[in-house]
Amino acid sequence: QMDPNEYKLGTTKVFFKAGVLGGLEDMRDERLSVIISLFQAHIRGYLMRRQYKKLQDQRVGLSVIQRNIRKWMVLKNWQWWKLYTKVKPLLNIARAEDEMNKIKEDYEKMKDD
């Protein structure tokens, strides 16, 4: 709050005594510096939280990859796994053939109707 003797209000302007405007500018600069430093602190905090979350996600992803590689290293020499990997593509081919036969049957039924 300012002393009413420090300023006068005109119809369209505000008149200040000598030195009052400088004091107001100093007060404004102090307040702006506080506001800007708080803003910077919030932005820095946000950026660091985002970076930390990214690092945490990478750490989780890395542990998943490591676990999968360890399990694969155990499985790659297991005889049942070798058999499974050789038979699995053949199962997909058989399923595809069954689906094609079913589609042909449906087509024939629709054609007859």
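**A walk along a spread-out chain**

Lys-109 lies in helix H2, which covers residues 79–112. The model is predicted. Lys-109 is exposed, because its relative accessible area of 54% is over the 50% cut-off. Now look back along the chain from Lys-109 to Lys-88. The two are 21 residues apart in sequence, and their C-alpha atoms are separated by 32 Å.

Helix H2 also holds Lys-82. Lys-82 has 35% relative accessibility, so this residue counts as partly exposed. Pair Lys-82 with Ile-103 for another span. Here 21 residues of sequence go with 33 Å in space, C-alpha to C-alpha.

Now step back to the whole chain. What elements does the protein chain contain? There are two helices and two strands. Their order along the sequence is β-β-α-α. The radius of gyration is 38 Å, whereas the globule rule gives 13 Å for 113 residues, so the protein chain is more spread out than a compact globule. The box tells its own part of the story. Along the principal axes, the C-alpha atoms of the protein chain fill roughly 100 × 55 × 15 Å.

How much of the protein chain counts as buried? The share is 1% of the 113 residues. The accessible surface of the protein chain comes to about 11100 Å². Carbon and sulfur atoms account for 61% of that area.

Next, go to the strands. Strand E2 covers residues 14–16, and Val-14 has its place there. Val-14 is partly exposed, because its relative accessibility of 43% falls between the 20% and 50% cut-offs. Phe-16 is also placed in strand E2. At 34% relative accessibility, Phe-16 counts as partly exposed.

Val-14 and Phe-16 contribute to a nonpolar surface patch. Met-2, Leu-9 and Leu-21 are the other residues that make this patch. Its area is about 450 Å².

Glu-105 is 89 residues from Phe-16 along the chain. How far apart are the C-alpha atoms of Phe-16 and Glu-105? They are separated by 96 Å.

Turn to charge. The protein chain carries 23 positive and 15 negative charges. The mean positions of these two sets are 11 Å apart. Side chains of opposite charge can pair when their charged atoms come close. How many salt bridges are there in the count? The count comes to two.

Asp-57 is partly exposed, with a relative accessible area of 45%.

The β-β-α-α chain has a radius of gyration well over the value from the globule rule. Of its residues, 1% count as buried. Lys-109 is exposed. Val-14 is partly exposed, and Asp-57 is partly exposed too.

Technical notes: Residues numbered from 1 in each chain as written. Predicted model: local features only at pLDDT ≥ 70, side-chain atom pairs only at ≥ 80, totals over all residues. Heavy atoms only, no water. Helix = DSSP H or I, 4+ residues; strand = E, 2+ residues; numbered from the N terminus. Buried < 20%, exposed > 50% of the residue type's maximum accessible area, 1.4 Å probe, protein only. Patch = residues over 30% accessible without salt bridge, like charges linked within 9 Å, V, L, I, M, F, W, Y side chains within 5 Å. Areas by Shrake-Rupley, 256 points an atom, 1.4 Å probe, with all protein chains shown as cover. Salt bridge = Lys/Arg side-chain N within 4 Å of Asp/Glu carboxyl O. Rg over C-alpha atoms; globule rule 2.2 N^0.38 Å. Lys, Arg positive; Asp, Glu negative; His and termini not counted. Charge placed at Lys NZ, Arg CZ, Asp CG, Glu CD.
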